[in-house]
Amino acid sequence: MAYLAFYRTFRPTSFDTVVRQEHIVRTLKNQIESGKIGHAYLFCGPRGTGKTTLAKIFARAINCENPLNGSPCGKCATCKALADGSNIDINEIDAASNNGVDEMRDLREKVQYPPVAGKYKVYIIDEVHMLTASAFNAVLKTLEEPPRHAVFVLATTEPQKIPATILSRCMRFDFKLIPQKDLEGLIKDVLQKSGKAYEDEAVAAIARAGAGSARDSLSIADMCASYSDGKLTYSDVNTVLGSADFSSVATLAESILKEDAQTSLTLVEQVLSTGKSAGVLVKDLLAFLNNCAVIKICKNPKEIVNLPEESFNAISRIADGADGHKILRVTELLAKVETDLRYSLNGRITLETAILKCAMPHTDYNLDALIGKINELERKLQQGVEVKVKAQTAADVKPSAEPVAQKPERKIMLETDDEPPFAQAENHDAIQPALWDNPAAAAPKQVKSLNDGEKSGVFGKLIRSLRTTRKNAVLFTLCMDLGNFFEGEKLILTTDSEAVFKGLTRPDNANFIAETLAELGVTDHEVRLVEKGESDYEKALKELKSNFEGTEIQIKNQ
């Protein structure tokens with residue numbers, strides 16, 4: 001007999017042997033046991049999660065004469081008949097190659113014939129989203145009201161491509177990706193049944209590469225078992241997957257996190273020269289950085305990453321010496337490169353440019369890069385980095401009659417994180433000598449007096465500043481109708497509304513206006529409440545009464 005791949009040899013034949021998908025298995029079992037079988041089902045989800053397998057088990061189970069816990073017994077005459085590939089009661093149709101209207105019309109005619117061996121005639125249409133619009137229309141009415149003996153099971157990885165008229169006629173089941181722990185159990189079971197010895201770390205690497213797909217995981221396990229002569233090792237799996245050597249990836253990641261651009265670029269060249277593609281190297285680096293993040297954050301990292309002891313210790317050492325923001329920034333940059341490589345004509349240059357950007361954060365003005373720099377400075381201070389201020393020596397100054405006493409070097413050690421980094425220094429001048437020893441930098445900033453032209457534009461600039469500040473929309477409205485003039489260097493803001501006056505003199509609003517005016521060169525201001533003047537209507541009425549003195553004037557409010 002020809003060799004069968006692992007995923008075909010060990011395909012589940014009962015609901016109890018299906019890996020996960022408990023929510024679907026339980027529903028189907030209950031329907032079988034209660035005899036409430038639907039006429040149309042839609043199985044959708046990622047590849048390799050058991051859609052077709054469950055459809056076949058379900059097709060045999062609803063025809064079985066003596067189902068065991070909802071699963072086909074495999075011993076009755078019907079089960080034996082359905083196990084024969086020539087049986088026509090279970091029809092599996094590939095919609096990718098039979099997607100025309102003629103095939104669906106043929107199906108519509110054949111569905112009228114009763115089953116031969118069992119109670120139901122089951123049509124499993126795989127990759128149903130590949131059907132044309134005309135084919136969907138041809139099968140639509142049959143799918144809605146099929147004969148009593150007909151059951152349709154539609155399987156697809158892209159349910160969004162199926163017309164709503166089809167979706168509304170089916171019972172939909174969404175398959176989930178299989179967790180890594182369950183994939184590891186499946187792979188171990190298959191390797192044990194096939195007589196292949198293995199390392200736990202090798203199985204974990206295969207499960208990670210399977211990315212939630214049982215079929216992908218078993219296909220990789222099949223290749224690894226064929227490659228390895230004896231016990232399947234972690235190194236064997238990496239070789240089959242084409243991954244770069246772990247030590248090379250670890251050294252490269254460490255040099256990037258230490259911002260050693262020269263070493264990083266040299267290591268990239270060495271790895272690529274061995275024949276590894278840029279895409280594979282990026283994938284390996286991302287996996288390594290992900291492990292660093294897990295080890296740095298999670299409480300039980302050893303159980304999660306499941307790597308050999310030596311590899312785990314190496315990643316732990318690198319993760320402990322790196323800043324979390326830096327790991328996040330490098331991961332984001334490399335994740336973007338993984339996408340860019342699909343459209344790049346020269347993957348090597350794209351990768352090397354990204355590596356340089358990762359290892360040279362001082363050339364990147366991105367917010368994450370700046371945060372990383374600040375964290376690095378804080379880390380050095382917290383570790384007790386000595387900040388020394390060299391006093392002027394006698395050689396630095398001109399000789400004088402009296403000897404000049406040399407100032408001793410001062411050392412600052414930070415002990416706790418409870419206070420700001422500079423709070424524990426005996427003399428704060430010692431923290432930033434380059435800034436504080438510069439008289440020009442240390443001197444207070446001189447406020448320049450405004451001329452008449454600049455004063456006339458201050459209020460307009462204030463209004464524009466408030467308008468561009470989203471959280472001060474109310475403050476902008478309050479200031480719109482203010483009067484303004486200068487008394488010397490003091491800006492006077494006037495209003496005849498008591499509500500506006502109270503709003504502007506609130507401490508938070510007053511402080512914000514003061515800060516905004518300070519940026520415009522105005523260091524002092526005052527809000528004044530003035531008496532309300534006569535309106536134009538009142539002035540006109542007063543003038544009318546004056547002109548027609550002695551005449552009774554009636555005012556009607558409209």
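Colleague: In which loop does A211 lie?
Modeller: This is a predicted model, in which local features need pLDDT of at least 70 and side-chain atom pairs count only at pLDDT 80 or more, while totals for chains, interfaces and linings use all residues. Residues are numbered from 1 along each chain as its sequence is written, and side-chain values use heavy atoms, with hydrogens and water left out. Helices (H or I, at least four residues) and strands (E, at least two) are DSSP runs, numbered from the N terminus. A211 has a positive phi of about 55° although it is not a glycine, and its place is the loop between helix 9 and helix 10.

Colleague: Does A211 count as buried or exposed?
Modeller: A residue is called buried under 20% relative accessible area, exposed over 50% and partly exposed in between, using a 1.4 Å probe and protein chains only. The relative accessibility of A211 is 53%, so A211 counts as exposed.

Colleague: What is the relative accessible area of E127?
Modeller: E127 is a residue other than glycine with a positive phi, near 50°, and it lies in the loop between strand 3 (121-126) and helix 6. E127 is partly exposed, because its relative accessible area is 25%.

Colleague: What share of the residues of the protein chain count as buried?
Modeller: The secondary structure of the protein chain comes to 27 helices and eight strands. Of the 558 residues in the chain, the share that counts as buried is 39%.

Colleague: How far apart are the end C-alpha atoms of helix 8?
Modeller: The expected span of a helix is 1.5 Å times one less than its number of residues. Helix 8 has 14 residues (residues 180-193) and should therefore span 20 Å. This agrees with the distance between its end C-alpha atoms, 20 Å.

Colleague: Around what arc of the axis of helix 8 do its buried residues lie?
Modeller: In helix 8 the buried residues are L183, E184, L186, I187, V190 and L191. They lie on the same side of helix 8, because the arc they cover around the axis (taken from the directions from the helix axis to the C-beta atoms) is only 165°.

Colleague: Which helices do the buried residues of helix 8 pack against?
Modeller: An α-helix has 3.6 residues a turn, so residues three or four places apart point the same way. On the other side of helix 8, K181, Q192 and K193 are exposed. The buried residues of helix 8, by contrast, pack (a contact being heavy atoms within 4.5 Å) against helix 1 (6-9), helix 9 (200-210) and helix 10 (214-227).

Colleague: Why is the pair of Y41 and F58 called edge-to-face?
Modeller: Rings of Phe, Tyr and Trp (its six-membered ring) pair if their centres lie within 6.5 Å, and planes under 30 degrees apart count as stacked, over 60 as edge-to-face and the rest as tilted. The structure holds seven such aromatic pairs. The rings of Y41 and F58 have their centres 4.9 Å apart, and the pair is edge-to-face because the planes stand at 70°.

Colleague: How many residues apart in sequence are the parts that Y41 and F58 tie together?
Modeller: Y41 lies in strand 1 (residues 40-44), whereas F58 lies in helix 3 (residues 51-61). The pair therefore ties together parts whose separation in sequence is 17 residues.

Colleague: How many residues apart are Y41 and F173?
Modeller: Y41 and F173 form a stacked aromatic pair, with 6.1 Å from centre to centre and 20° between the planes. Y41 is in strand 1 and F173 in strand 5 (residues 171-174), so this pair links distant parts of the chain, and the separation is 132 residues.

Colleague: What is the volume of the second largest cavity?
Modeller: On a 1 Å grid over the protein atoms alone, a cavity is a set of points where a 1.4 Å probe fits but cannot get out, a pocket is an open set with protein on both sides within 12 Å along at least five of seven lines, and lining residues have an atom within 4 Å of a point. Grid points are joined across faces, edges and corners, and a volume is the space filled by probe spheres set on the points. The second largest cavity is lined by I125, V128, L131, F136, V139, L143 and L154. Its volume is about 40 Å³.

Colleague: Which helix supplies the largest share of the lining of the largest pocket?
Modeller: The largest pocket has a volume of about 750 Å³. It is lined by 26 residues, of which R208, S243, K283, D284 and A287 lie nearest its centre. The largest share of that lining, nine residues, comes from helix 14.
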